[in-house]
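Subject: Structure for you to look at

Hello,

Here is the structure I said I would pass on.

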Amino acid sequence: MGSLPIETFQPLDPDVLVKESRAVVDFIANYYRDIERYPVRSQVEPGYLSKRLSDQAPIFPQPIQTILDDIHDDIFPGLTHWQSPNFYAYFQANASTAGFLGEMLCSGLNVVGFNWIASPAATELESIVMDWMGKMLKLPSSFLFSGGQGGGGVLHGSTCEAVVCTLAAARDSALTKMGGDGITKLVVYASDQTHSTVQKASKLIGIPPSNFRAIPTSAASDYALTPDSVRSSMEADIAKGLVPLYLCATIGTTAVGAVDPLLELGKVANEYGVWYHIDAAYAGSSGICPEFRHYLDGVELADSFSLNPHKWFLTNMDCCCLWVKSPSSLVDALCSNPEYLKNKASDAKTVVDYKDWQIALSRRFRAMKLWVVIRRYGMANLMEHIRSDVAMAEHFERLVAMDRRFEVVVPRKFALVCFRLKPRFQGDDASELNRRLLEAVNSSGQAFMTHAVVAGMFVVRFAIGATLTEMRHVEATWKLIQAKADGLLLNGSCDKISSSNGLFSL
Ligand code: PLP
């Protein structure tokens, strides 16, 4: 062994940490400085990376600068630049300096607060931050720790986890009354616009796939779920001997930003005794602005409510807030109590042990990140962030409406505009036309948008929310879209149209 480098191995040397993290921070800052130089949607072909990187892990250490150079040369071409100001695809995933610093602190401290004693500050900060967020959103006190009614909040990594956990809680409460065999009778209700995560979560917790109801919506309700359709669906199931279990309403659906009527749906849910969850993954953050808070009216009837600060709240991935009125039902479904975790505080039931509010045992100190974001920016700037995105989306919607070749298909919701090129003559294949338009814009590398299909119609989604996006980017992208449309309509071809690679579907 003698002089092998392994002898000087010190993976947490503070001086190296300072030197190398400075190099990484400089690298990331330069990335943001140059971000507009990169094609927004990656232009690589599948399998590109294995042609560039070694297929063997190194035996000896490599300098950080070599690794950063390889990231620049080999990884960057395969990145789709979600933080580009010209990224309008999928959904908002806005990063920020405070989000990044919070993430650095979370990962730098690297504590694992599965129960209170494992890091009391991690648990207590999470409870405080969840109450802060709840108050910013004016959630009813029944969702807050400070409300004194047993409710509270937890941070998960994703909405999918939040839905799995609340479904498990609802399932176990129902099965306690019905007996274990009842699982084949339980039914979950959502709309055909609800995020696919709810269907997946139902399957994961053992609901038979045939007992998932994706209730149709239509343009008549702006793609919102109607209370009557939910009621009829539940009645039909009850007549068949099935048992309604869980209803998920959405504020800001992924495809078109539809807003389900929370209050009316809540009344139906309460009448039928089902668990009522509200998924506000993207649009929920807007509730901190008084002018958008009305979208949350009716949340008081819900059993649980979730939103993702990692979408539209300047909080870097990952971070999902979940509030529940009855955490004890979560704990009943998810609690584990192995000997090695036993301790006085948990036994006395005087503390929150967040391991019992989630799937995994281990957990990140996400509260640190959200706390830094809220403190560093304050509500004033967070509201401004939401408002400026909405104002840009309003402006974009007006630009679309002014060009007679285009139409806004679904009225703008939040910062999402769904539009298309109108069919030019009877029998024109508008879907193909818009597919070609979308690919022409995306393959230019100058902007990236995705699509949705609603009521059989292919629409282009323009989702504003990247932190760096300014009005000038929105206007330039609109000019780009118009230019591509000119090419398409005048010559029948705007550019090389390759495939539907990168298009978005739920
Ligand atoms: N719900 C809605 C309305 C969404 O828009 C999304 C993401 O697009 C999700 C859920 C999924 O969120 P997550 O990736 O955090 O599970």
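Helices (H or I, at least four residues) and strands (E, at least two) are DSSP runs, numbered from the N terminus. The expected span of a helix is 1.5 Å times one less than its number of residues. This is a predicted model, in which local features need pLDDT of at least 70 and side-chain atom pairs count only at pLDDT 80 or more, while totals for chains, interfaces and linings use all residues. Residues are numbered from 1 along each chain as its sequence is written, and side-chain values use heavy atoms, with hydrogens and water left out.

Helix α4 covers residues 120–136, and its 17 residues should span 24 Å at 1.5 Å a residue; the C-alpha atoms at its ends are 24 Å apart, which agrees. Its buried residues (under 20% relative accessible area; exposed is over 50%, partly exposed in between, with a 1.4 Å probe and protein chains only) include A122, L125, V129 and M133. Among the elements that cover the buried residues of α4 are β1 (152–156), β7 (320–324) and α12 (366–402). After α4 comes K138, with a positive phi near 55°.

In helix α10 (residues 327–334), P327, S329, L330 and L334 are buried. Seen down the axis of α10, these residues fall within an arc of 160°, so they line one face of the helix. The arc is that of the directions from the helix axis to the C-beta atoms. An α-helix has 3.6 residues a turn, so residues three or four places apart point the same way. The cover over the buried residues of α10 includes β1, α5 (159–178), β5 (275–279) and β7.

The ligand

From K311, a side-chain N or O atom lies 3.4 Å from an oxygen atom of the ligand. The ligand exposes 400 Å² when taken alone, and the protein buries 89% of that (Shrake-Rupley method with a 1.4 Å probe; for residues, only the protein chains shown count as cover).

V460 is in strand β11 (residues 457–463) and is buried, at 1% relative accessible area. Beyond its neighbours within four places in sequence, V460 is in contact (heavy atoms within 4.5 Å) with residues including V417, F419, L438 and H451. D74, in helix α2 (residues 64–75), is buried at 13%.

Most residues other than glycine have a negative phi, and most peptide bonds are trans. A cis peptide bond joins M317 and D318, with omega about -5°; D318 is in the loop between α9 and β7. K349 is not a glycine, yet its phi is positive, about 55°. K349 is exposed, with a relative accessible area of 72%. A455, also not a glycine, has a positive phi of about 50° and counts as exposed at 63% relative accessibility.

Regards

Notes: Polar contact = N/O pair within 3.5 Å; in protein donor to acceptor, adjacent residues only side chain to side chain.
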